[in-house]
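I open this entry to record what I looked up in the structure, helix by helix.

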Amino acid sequence: MNLSPGQAAESLKEIERTQRRSAEEQDYAHSSPQFILWGLIWMAGYAGTSLLPNYGFVHGISWLWLGLIVIGISGSSVLGRRRFRNLTPEGIAKAKAIGLRWGMTMFVFYAFIVAVFSVMRPHNPAVSGAFIPLLIAAIYCVWGIWQGLRFLYAGIAVGALTLI
C-alpha cells in the first residue's frame, strides 16, 4: 500500500488530533475527583457559614473554613498520590516535581488571597464570600483557555452563579 504525500500528511494530522484529544480526556479524568472534592468542601463551607453565621469566628478567621481547607489540601494530596502510584522511578520523580509545582502554585494563590484581604479588608462577609469563588472562576477560565473548554465552561458557571 503506497500513500501519497498528501495522504501521509493527513494521516499525521489525524494522529496529532487524536493525541491531543486523548491528553485532554486524560486531564479531565484526573481533574474530576479534584472537582468533586473541592465542590463538596465549598458546599460544606457555605452551608456551615449560612447556618451558623457567627459561630467559629475568632478575629475574623472562620475556623470552619480553615478546617475545610486543611481537609481539602490533604484530600488533594491523597488524590494526587493515587494518580501516580504505579509509575517508574523516572515517572515518580516527574510526578513529585509536578506535585511540588502545584503545591507552590496553591501557596501563591493562598498568599494572594491573604494579601488582598489584608489590604482591602472586607466589612461584609458577602464580599469575601464572593471574592474567592470569583478568583477560582477566573483560574478555571484561564485553565480552560489553555487545557480544554470544559474548564472554561466550569469557570463561567462558577462566576455566573457567584454573581447571582
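In which helix does Ser76 lie? I worked from a predicted model and located Ser76 in helix α2, which covers residues 63–83.

I then listed its neighbours, leaving aside residues up to four places away in sequence: Ser76 touches Gln34, Leu37 and Trp38.

I turned to helix α1 (residues 5–51) and helix α4 (residues 125–147). Their axes come within 14 Å and cross at roughly 175°. Angles over 145 degrees count as roughly antiparallel, and α1 and α4 are therefore roughly antiparallel to each other. On the α1 side I noted Glu24, Asp27, Phe35, Trp42 and Tyr46 in the contact. The α4 side contributes Gly129, Ile132, Pro133, Ile136, Tyr140, Trp143 and Gln147. By class, I recorded eight nonpolar, two polar and two charged residues in this contact of α1 with α4.

Last, I examined helix α3, which runs over residues 89–119 and has 31 residues. From its first C-alpha to its last, α3 reaches 45 Å, close to the 45 Å expected at 1.5 Å a residue. Which residues of α3 are buried? I found Gly91, Ala95, Ile113 and Val116. I also checked what covers these buried residues of α3, and the cover includes α4.

Notes: Residues are numbered from 1 along each chain as its sequence is written. This is a predicted model: local features need pLDDT of at least 70, side-chain atom pairs count only at pLDDT 80 or more; totals for chains, interfaces and linings use all residues. Side-chain values use heavy atoms; hydrogens and water are left out. Axes are lines fitted to C-alpha atoms, for helices over the stretch in contact, and angles run from 0 to 180 degrees between N-to-C directions. Helices (H or I, at least four residues) and strands (E, at least two) are DSSP runs, numbered from the N terminus. Angles under 35 degrees count as roughly parallel, over 145 as roughly antiparallel, 65 to 115 as roughly perpendicular and the rest as oblique. Contact means heavy atoms within 4.5 Å. Ala, Val, Leu, Ile, Met, Phe, Trp, Tyr, Cys and Pro count as nonpolar, Asp, Glu, Lys and Arg as charged, and the others, Gly among them, as polar. The expected span of a helix is 1.5 Å times one less than its number of residues. Buried means under 20% relative accessible area, exposed over 50%, partly exposed in between (1.4 Å probe, protein chains only).
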